[in-house]
Amino acid sequence: MRVHQLLPTFLPGDATGQSALHFGLLLRRLGLHGQIYAGEVAPQLRALASPASELRPQAEDLVLYHHGIASGLSSRLLHLPCRRGVIFHNISPYPTYRGTALAGALLGGRAQLAAMAPHVQLAIGVSDFNSRELKAAGYSNVHTVPLFVEEARFTREQLSAARLRRLQGPPTLLAVSRVMPHKRFEDVLRLHSEHRRRVPDARLWIVGGYEPGSAYFRGLERQARALGGVEFWGKVSFAQLVAAYRSASVFVSMSEHEGFGVPLLEAMAAQLPVLAFAAAAVPETLGGSGIGFTEKRYNVLAELVVELCQDAGLRQRVLEGQRRRLQELSPEVALQRLRTALAPLLPTVPARKRPAKKTRPRVAMVVQRYGELSGGAELLARMVAQRMAPHWQLTVLTTCARDHLSWKNEFPEGEQREGGVRVLRFPTRRTRELASFNSFSRRLYGHPNERAAEERWLAEQGPDSPGLLEHLADAQDQYDGYVFFTYLYQPTALGLPLVADRSIVVPTAHDEAPFNFEVFRDVHERPRVLFCSTPEEEALIQRRFVNHARTRIVGAGVEFPDADAERFRARHGVQGPYLFYVGRLEPGKGIDQLLEHHQTLTRRYADAPQLVLAGASGMTLHGARVRYLGRIEEQDKHDAIAGALGVVVPSRYESLSLLALEAFAQGTPVLANGASEVLVGQLERSGGGVTYLDTDSFIQGVRLLGEQRQALGARGLKFARLHTWERVVQAYREELERIVERGR
C-alpha cells in the first residue's frame, strides 16, 4: 500500500507544500511510502513533487488530497480508482472578502469540500477547529492530526552571528504571514503605534508576501510611513526568517481566522514570546501557552509588550510555557494521531516470527553503490557483505549507478550475484548536474534550512532511486533486519525511517557541512544502533545529536594480503621512491591541495619522490613527477602500497581511513591530513605515520617518512594486527540477533 499526497500547488515557501513534506516524514516513520503530486510544481521543486497528471494509484493505495479552494483537483480526486482522503487546512472567511474577486472562490471552496464528503474514506483536520468544519461539511471518519514544526531548525546556533548583530537594536514586534485583509495587519500597526508612544524607537517587522499594488497594502503602507519604524520584509529565505524570529522581542498576531497558525509554533521554537488574538484555532494552538487575548485594547497590549521586554522573570515564564506546549504539539504526537487515523485502512501485518534456530536471518544491506569501488563507505559495505554472507541470508539493495558524480545507470537493473552475495539493483531517475548542485549547496551550507530545501538537496545530490525506497516499504516482511551504510545519501536518509526499528546504521559521519542538516536527524536518532568507526566519529555524533541512538565502535577489520612491490614497479615502470594514494580523485578528497603541496616539494628538491595516484578521477591531474594510473586491480593496489615510501591520506573528511589500515597491514607508514580529527586519532593510536597541515609540514612529513619509514611501518603493522575481522563480524551478528529477538 502506498500513501500519496495530492496538492493544488507546490511552490517555494508555500505552507501546504511544507505541510505535505511533514506528512511525508510521518508516513515514512509509519513505514509507508508514497509520492507528492501537485497541479502546479515550481521548476526548482520538481525533484520533490510530480505533476498531478502523472498520479496513477493502485486500488489499494490511499491518496490524501490537501484541499485548496477553487482547485480542479477535487474532482480529479473523486475519479481516482483508489481509496481517498482529504486533509483540510483552512478556508479564509467569506465575510472579510465579500464583494471582492476572491469571494466567489471562497464560497466555491466550501462547496467543493462538502461535495467530496460522500466519496472519501478519511478526513483529517490539522486542528480540532478544522475538524469541526469537516464534520459540519458531512464527513464522518474525521481525525485531527496537528501540524508541527521541527524545533531544531529554529533553535540552532548555526545562524550567522554577523546577521544577528545587524538586526539587534530597539524592542521589535514581529508579525509573520502573507499580508491579507483577514490577517488584520491594520490592527498590528495600531499596536505598534501604542508601543512607540512608550518606546519611541520601537520597531515593527512584517515578514511575508504582499501585493504592492493592492488597495489593502497601499493603505497599510501609508499608515506605516506615518508611524515610522515599520519594515515590510516581503518573502524571505528561511535563514532570514529564523534571523527575524531570533532577533525580535515579541511575536504578534492579530488574525481573526487561523485554521492552525504555524508561525505561532515557529516563534515558540525560536524562543520568542507570543502575543496572539485568541480567535478561531489560535486558542487551541496556544494551549494555554504564550499570551492570548480576546479584546484588542491596544494600550493594554502595548504595556504588556513593554513588560515582556523588560521583565526577565515574566519573559522566562512565558517561554517555559511555550516550551511545554511545543512538546504537546511535537512530531511524535502528530505521528500517534496519524497512526490512529490510518489504522483502519492499513493492511493487517502478521507479527514477525523469529527465524528458526538453524535458519540464517534475512538481512538487507542498503548502500548507494556496490561493486568494485576503490574506497569509502561503499568499499566498507562490500567488505562487510562478503564476510557476513556465510552468517546471513544477505541481499544488497543498491542502485544501478557506478559513478557517484553522475549516478548514471550503468549496471543492469534487477537481481545479480556478486562474489557470492545477492545484489538487487534499482535505477536512478536523474543524473547529477554538478555545477547547479554545487551552487545550490553553497546557498544551504552554514545556514538553517527548511525541510523542502534539504530534501531537494538530497534528491539533487543523488542517487534518487524511488524504486529502492518503494522496495524498502513494500518488502518489509522479506527481511528480519537492515544495515544502512553512510548517512549522507537519500537511500539512508529517506529509507531508514521506513524500517528504523530493525536497523543498524553505519553512518561514516565526519564534520562536513551537510552533517548539520536536520534531514539527517532520523538517521542518527531512530535506528537500533549506530556502528561508529572511530572514537572521534562517535564523539562527533554525540555532540551533534543529543538524542542519538545507542552507539558502538566497530570499524573495520584488517587483512594482510601478500604483496610484491617489485611486481608493481615492473608493471607500471615506477622507479625510485614514491608516495601513493588510491581512491576517489576529486577536490572533496583533498587531491587539489595534495597536488599543490607535492609540486612545491618537487620544485624545492630535485630528489622529491613521485606522487602515484590511482582510482576514478573527477578532476584534471597534472604536475611534475605525478603519475596517474586510473583504476587498478585489488592486488595491484596492495603491491603499490607495499612499495611506497608512504601512503598519503589527504582528505579532511574521514570517519575511518580504510586506506590507512591497508597501509599499516603492509608495514607502510601514512602521511595524513592533520585537519581531520579522525586521521589524527588513527595515527596517534597507531604510531604509524605523521600528519601535515600545510606545505611546509607536508614536506617535513615526507622527510620523516624517509628517515623513519621502518620504525613507523612496524608500529602501524602492530596496530593493524589488533583489528581483526572476527571481532567485526561478531559485533554485526550480536546486534542483528538483538533485533531478531525484539521482533519475536
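Ala, Val, Leu, Ile, Met, Phe, Trp, Tyr, Cys and Pro count as nonpolar, Asp, Glu, Lys and Arg as charged, and the others, Gly among them, as polar. The model is predicted: local features need pLDDT of at least 70, side-chain atom pairs count only at pLDDT 80 or more, and totals for chains, interfaces and linings use all residues. Residues are numbered from 1 along each chain as its sequence is written, and side-chain values use heavy atoms, without hydrogens and water.

**View 1. The largest cavity holds about 370 Å³ of space.** A cavity is a set of points, on a 1 Å grid over the protein atoms alone, where a 1.4 Å probe fits but cannot get out; lining residues have an atom within 4 Å of a point. Grid points are joined across faces, edges and corners, and a volume is the space filled by probe spheres set on the points. Of the 21 lining residues, Arg28, Gly34, Gln35, Glu455 and Leu494 are the closest to the centre. By class, the lining has eleven nonpolar, six polar and four charged residues. Helix α1 gives the largest share, four residues. Helices (H or I, at least four residues) and strands (E, at least two) are DSSP runs, numbered from the N terminus.

**View 2. Helix α18 (residues 466–474) has buried residues.** These are Pro466, Leu468, Leu469, His471, Leu472 and Ala473; buried means under 20% relative accessible area, exposed over 50%, and partly exposed in between (1.4 Å probe, protein chains only). Their cover includes β14 (362–366), β15 (393–399), β17 (421–426), β18 (481–485) and α19 (490–493).

**View 3. The axes of helix α7 (residues 185–198) and helix α8 (residues 215–227) cross at roughly 0° and come within 10 Å.** Axes are lines fitted to C-alpha atoms, for helices over the stretch in contact, and angles run from 0 to 180 degrees between N-to-C directions. The helices α7 and α8 are therefore roughly parallel to each other; angles under 35 degrees count as roughly parallel, over 145 as roughly antiparallel, 65 to 115 as roughly perpendicular and the rest as oblique. Residues of α7, including Phe185 and Leu189, meet residues of α8, including Tyr216 and Leu220. Contact means heavy atoms within 4.5 Å. The contact of α7 with α8 has six nonpolar, three polar and two charged residues.

**View 4. Helix α21 (residues 535–544) and helix α26 (residues 677–686) pack at an angle of about 145°, with axes 8 Å apart.** Pro535, Glu536, Glu537 and Arg543 of α21 make the contact with Glu677, Val678, Gly681 and Arg685 of α26.

Key: 1 Å grid on protein atoms, 1.4 Å probe; cavity = no way out; pocket = protein on both sides within 12 Å on 5 of 7 lines; lining within 4 Å.
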